[in-house]
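The sequence and model are shown first.

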Amino acid sequence: MSKKRNIAATLGTLPMYLFTIVFVLGPLFLMLALSFFQVDGWSYKAVFTLENYISAFSGTYLQTLTTSLKLALISTVFVILLGYPFGLCTSFLSPRMQKFIMTSQMIPYWVNSLLRLYGWIIIFRANGLLDKILMGLRITDEPLKLLYTYPAVVVGMIYVLIPFMFASVYQVAGRLDYSLIEAARDLGASRTKAFLSVTLPLTLPGLKTGIVHTFIPSMGLFFIADILGGNKIVLTGSLINDLLTKAHNQPLAAALATILMALTGAICILLLRKPEHERQ
């Protein structure tokens, strides 16, 4: 009977294994192999070379990779500062208010992300909504040039990514044992001390998960930089897209994509690995 169950379980999971091999691992290995191929005019040939990686770590490509990493780090920091307190405080509210806030978070994302970003263009453009508010309050005397700037791209990144941080922290904080916080307070700990010694360590897994869900997408969301930054801010994703569609340099595009994958993978491993005392 147990053998039949094992066979049935194996057959039930076989389609998922096949899907993973064909549509996930297959393209990844193809991309890795392609990154070592040599460019041959508008195509490539299967000749091993490290020239693609040498090019990726030099000149404009290295500068663009550094810009992408910097933007991802800045966006992630702001998402942590905004999303972590939001998710934590929401878990302290009544169930009815929690449902209301969760629904309010979800409703805007029923609309296509490109349309929502074009809404930010209306806000940031000269004589747009933000300019009218600031000039109406007499904070500024003339329109600000916010659109197609670095801060506009950062705001767009934060807007798109903050729900991931909020959801990750909220799920962990919702299971928090508040009696531990009360015990720390009863023992004389201040609010800050109780937060640092009890709340933060217990919600750290959610914070780490939120960082992963924020940092990794921010390295590849080049369409936000294209829409809100114009041609002034070029990210690695934009270069990969141009190499594939315009320059037809698939090996170099594959090398850049492999570097991004390795970088984000290493960050995931560092963030999600268990501490030494938990592994023992």
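In which crossing does α11 pass α12? The crossing is left-handed, a term used if the near helix is turned anticlockwise from the far one by less than a right angle, clockwise being right-handed.

## Basis of the model

The model is predicted, and local features need pLDDT of at least 70, side-chain atom pairs count only at pLDDT 80 or more, and totals for chains, interfaces and linings use all residues. Residues are numbered from 1 along each chain as its sequence is written, and side-chain values use heavy atoms, with hydrogens and water left out.

Helices (DSSP runs of H or I, at least four residues) are numbered from the N terminus. Helix α11 covers residues 236-245 and helix α12 residues 250-272; they pack at an angle of about 155 degrees, with axes 8 Å apart. Axes are lines fitted to C-alpha atoms, for helices over the stretch in contact, and angles run from 0 to 180 degrees between N-to-C directions. The angle makes α11 roughly antiparallel to α12; under 35 degrees counts as roughly parallel, over 145 as roughly antiparallel, 65 to 115 as roughly perpendicular and the rest as oblique. On the α11 side the contact (heavy atoms within 4.5 Å) involves T236, L239, I240, L243 and L244, and on the α12 side Q250, L252, A253, L256, A257 and L260. By class, this contact has nine nonpolar, two polar and no charged residues, where Ala, Val, Leu, Ile, Met, Phe, Trp, Tyr, Cys and Pro count as nonpolar, Asp, Glu, Lys and Arg as charged, and the others, Gly among them, as polar.

Helix α3 (residues 59-91) also packs with α11, at an angle of about 135 degrees and with axes 8 Å apart; the two are therefore oblique to each other. Here Y61, T64, L65 and S68 of α3 meet T236, L239 and L243 of α11, a contact of four nonpolar, three polar and no charged residues.

## Helix α9 against α12

Between α9 and α12 the packing angle is about 170 degrees, and the axes are 10 Å apart. That makes α9 roughly antiparallel to α12. From α9, K208, T209, I211, V212, F215 and I216 meet T264, I267, C268, L271 and L272 of α12; eight of these residues are nonpolar, two polar and one charged.

L271 lies in helix α12. Leaving aside neighbours within four places in sequence, L271 is in contact with K208, I211 and V212.

## The second largest pocket

The residues lining the second largest pocket are L88, F92, I181, R185, R191, A194, F195 and T199. They divide into five nonpolar, one polar and two charged. Helices α8 (178-186) and α9 (191-218) each supply at least two lining residues, and α9 gives the most, with four.

Note on methods. On a 1 Å grid over the protein atoms alone, a cavity is a set of points where a 1.4 Å probe fits but cannot get out, and a pocket is an open set with protein on both sides within 12 Å along at least five of seven lines; lining residues have an atom within 4 Å of a point.
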